[in-house]
Structures are given as structure tokens and as C-alpha cells.
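Biologist: I would like to learn how to read the features of a model such as this one, beginning with the whole chain and then moving to particular residues. Could you take me through it step by step?

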Amino acid sequence: MSERLSRRSRGVAKTVASALLVGAGALCADEAVLVGGGHELQASQGQIELNVDWVGNILRARDMPVTTFFTDGDETGPDVHYRLPGETPAGLLEPLARVFGDLDRERRRYRNHALPDVAGTTRRDALERDLGDVLERTAEEPLLLVYNGHGSQSPDNDAGVTLDLWGKTAMTARELHALVGERRGASESPLRYVFTQCYSGGFHRLAHADADAGLDLSDGLRCGFTSESAHALAEGCSAGIDIGDYRDYTTYFFAALDDRERDGTVLDRDPDVNADGAVTLREAHLHALEKAHSTDLSRSSSESWLEDWQPWFLRWLPPPANPPNNEYARLFRTLAADADIPMETGIGRTLRDRLARHESSVQALRAERAALRPETTALRVALQRSASARWPALLGPYTDGYRELAASGELERIAEWLAEQTSYAALVDLQARDGELESAVLGAERDATRSRKLLRLRHLATLKGQLEAYGDATDRASYARLLACEELPLVLDTGAAEFVSTDE
């Protein structure tokens, strides 16, 4: 730890000394915009709210002005749901929920969000107006845009993926591209983004001049990071409130910027790879790639650009036995060693075999889970019929007869009767097994993603080498421009370009 702190101290001293040499380079923090929440109450999980709050606190601790847009803004009434902790005793009506209703909803609760200083709603019309105002106001300043919510896939192309906004409204990557394109200002004032929703990779089109096609980059400096590609689900949002269970991209990415886990413990790996005292967004992304064991296969704008750049004839070449020795190759070797995969000839085949086994495991677990459903349904139906024969009002849950059952306390007695039935115990066992299989599927999917990650890191290492060998000057300049944007620290300095190095 002392060595780590020493590296940090040297890096901070270097940055401060450089700033003093420049004189005119006054510190200017990014302004940050946080957009979050679900598109409706049942899709507005507690984890999203906690993510927005946690990220906002990290940014504000670095003196960054933060503007937050969340669900219905400052309207009263519930806009978030959460799940009671697992240790909470079962409710009196749980047997009724298991037999007649939804067990997950029985443990679900609703409330209004508790975020401070929410500037407005995420409804499409209002957000488009308000975000447009922020983009115009910050045209000459750095801006960081963070989205925590849900997204939908596009049936057409990557630019059609969406941010799913409050009131079941939406904004596509193409539409956000057009809105961002109205931002006027110096090209040196970067717009950086972090999108963590499903299918978020389509938003890398923000960095391009044309949202729908082409490799040409936008005139303004834009770059960012996404939890997934434009074609894959991200690690699911949870209604739970146990931060120890969170494995989403937000958790790993912003923990690197904060140098602490969500529970406050110091990271076991220093994300400041070059030990200059400032963790860049790209270093945070690489940290997430190394540390995350989740279903997210995250990517940056430069990585997405590399994959789009690769000429057709290079795709036919066999991968090199030893990829170029760059940051992706080094990360590949680190993760391969962690997974006990020997660095030997045929490692690509080894990884593909592992991936096939994990995918097979996922399919087998899903099949086992599906096989339980007919038996579970049969038990529920039989219990429903027995209970309804004794208490016919159960067949009409929105009638006065049902209200009378509830008012008289009869629902509690019905729940007790259900719990005493022999078939009820069997139902509880089947539903518990279903939950175990759901967790097992998630674990197998995470294992499969680890194999995909290794294959992709190896591919990115190769792509970067191919760009150096086959790319023209324009290609290399475009890639370097994206890298330079990604490698900026979280808090920028307006005189950073004029810094004089104090290294000896």
C-alpha cells in the first residue's frame, strides 16, 4: 500500500507542478449530466436509483457540477420499486402470492425516489428540451453524459438502439446524435459518455460524423464507453438493495474513478496504470474489463472504431500465434493466467472449446428450468381450484366479495389453509429450485462472457497491430484522436494541452 500511495503522490506532485508552470491553465471541472430511471414504475428498479446517487456523489466529491434527470422529476408518487432483503420474514399472504399471484411482487415495494436536486424528468419531450439547453450552455466546456436505465435493440442498424425513457418514451442513438450535433463550440471541448444499458454499444455512433454509416469522426471531440454491444443484453438491473451483489459496468467503472468499492473498501488493484496520479476514463474501462465477472462485455469508442475499421481482406487472415504486445495482449495474458489457461499454441481453440462448454451449460440449465414449469403450473392450478371451491370470492380479486374477504381477515386464514396442504410444500420446493436454476444460469452466462472477453481481447490486440501495419495516416489519426479523448482524466484542466512535463 505504501508503494501505491507513493506512486500516487509523485503523480499528483507532477500534475500540480505542471499547472504552476503554465500559470494560465486554471482548473475547470467537467460538467456532468446524469440521466436515469426506468421507462415505467415496474421497470424502475432500486439499483438504478442507487447507481445514479452513487455516481453523482463521486462526481460532486470532485467538484463537478452535476445535473440529474430522473424518471418523473419532482412529481409526487412512486417512481421506484425495490425488493425486500432476503432475510425479511415472509409476509402473511405469501402462500396466496405463490399460488394465485407473483411471488416476486409479493416482496416488492414502491416509493418516490430519494435523489437530491433532480432537475427534471426523463420524458422524451422534456429531456430533449432540457438536455439541449445543457448542451448549448456547455458548448465551450467539457461535458460528461452518464445514462443508467434500460435500452432497446434496433431491428435495422446500430443507430436505432434506444434510451428507454419515462412514460414509455424513447430516444434513439440517431436522435441523440442529432441533438449533440447542435452543440457548438471548440472541438477541444470533449463530450464524453458512459452508457450502461442493454444494447448500449449503438451509442458509439455519437463519436462519428454520420450516425448511420462511415468511419469519419465528428468535428467535435466525442468519445465514451458502453457496457455492451448494440446486440446484447447488459447485466440485469435488480430491484434489490444489497450493493454487494452488484456486478454491472457502472459498479466497476466508477469504483476505479473513486479508488474504492461501493462499500468503501480500497480497491485491491490500482487502476492508475501509468501512476500519474489521475485515473482516466480509459483506465477505468480497462479496470472494469479486468475485474468484472459479469455478463457485460464492455467496450470503448476506440475499440468499436477498430472493429468497424478492419478491412475485409484482413478478416480472412488467421490470427497470429502471438498477438502484438499492446495493452490488450497484456490484459489477455493476465486474465488467461487468472483462469488457469496455459499460454500455448492453440489457445484460441482452447477458449472456443471453453465457451462452447459454458454455452452448453447455459442451455442445459435453461432446459431444466423450463421442464419445471409444467409441474409448477399444475400444482398452482390444483391449489387454486381447491381454495376457490371453499372461497369462491377468490376468483374475483377486484370485486366487493374479495374486498370483504380482505376486510374480515379471511385472506390470512386462507393463506394458513394453503400452507397446510401437502401439495403446497411441493410447490415451495419447485419454486425454490427455479430460483436456484435462475442463479445458476446467470453464473454460467458470466463464465461464458469471460471466455468471450478473452477471445475479444486477443482480437483487439490483433486489430491494433493491423492498424499500425495496414492503416493509412487518416485511419491512424482517427484512432489516435479517440484514444486521446478516452485517456483524458475525469476532471480536466483547460490548460492541459500546454502542460510542460516535469519528468527528468
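Modeller: We will go from the overall chain to the disulfide, a helix, a surface patch and some single residues. This is a predicted model, in which local features need pLDDT of at least 70 and side-chain atom pairs count only at pLDDT 80 or more, while totals for chains, interfaces and linings use all residues. Residues are numbered from 1 along each chain as its sequence is written, and side-chain values use heavy atoms, with hydrogens and water left out.

Biologist: How many helices and strands does the chain have?

Modeller: Helices (H or I, at least four residues) and strands (E, at least two) are DSSP runs, numbered from the N terminus. Here the chain has 16 helices and 11 strands.

Biologist: What share of the residues in the chain is buried?

Modeller: A residue is called buried under 20% relative accessible area, exposed over 50%, and partly exposed in between (1.4 Å probe, protein chains only). Of the 504 residues in this chain, 50% are buried. With contact meaning heavy atoms within 4.5 Å, 79% of the contacts between residues at least 6 apart in sequence join residues at least 24 apart.

Biologist: Which cysteines does a disulfide join?

Modeller: A disulfide is a pair of cysteine sulfur atoms within 2.5 Å, and by this rule the count comes to 1. The disulfide joins C223 to C485, with an S to S distance of 2.1 Å. This pair links distant parts of the chain, since C223 is in strand β10 (residues 222-226) and C485 is in helix α16 (residues 473-486), 262 residues apart. The link of C223 and C485 is left-handed, with -75 degrees about the S-S bond. C223 counts as buried because its relative accessibility is 0%, and C485 counts as buried because its value is 1%.

Biologist: Which residues of helix α14 are buried?

Modeller: In helix α14 (residues 410-420), the buried residues are E410, L411, I414, A415, W417 and L418. They cover an arc of only 160 degrees around the axis, so they lie on the same side of α14; the arc is that of the directions from the helix axis to the C-beta atoms. The face turned away from the buried side of α14 carries the exposed residues E416 and E420. What covers the buried residues of α14 includes α3 (94-100), α12 (347-390), α13 (400-408) and α15 (422-470).

Biologist: Which residues make a nonpolar surface patch?

Modeller: Patches are made of residues with over 30% relative accessible area and no salt bridge, where like charges are joined within 9 Å and nonpolar side chains (Val, Leu, Ile, Met, Phe, Trp, Tyr) within 5 Å. A salt bridge is a side-chain nitrogen of Lys or Arg within 4 Å of a carboxyl oxygen of Asp or Glu, and accessible areas come from the Shrake-Rupley method with a 1.4 Å probe, where for residues only the protein chains shown count as cover. Here W312, F313, W316, L317 and Y470 make a nonpolar patch of about 690 Å². F313 lies in helix α10 (residues 312-315) and is partly exposed at 39% relative accessibility.

Biologist: Where is D63 placed?

Modeller: D63 is in the loop between α2 (46-60) and β2 (66-70), and its phi is near 60 degrees, a positive value in a residue other than glycine. D63 counts as exposed because its relative accessibility is 64%.
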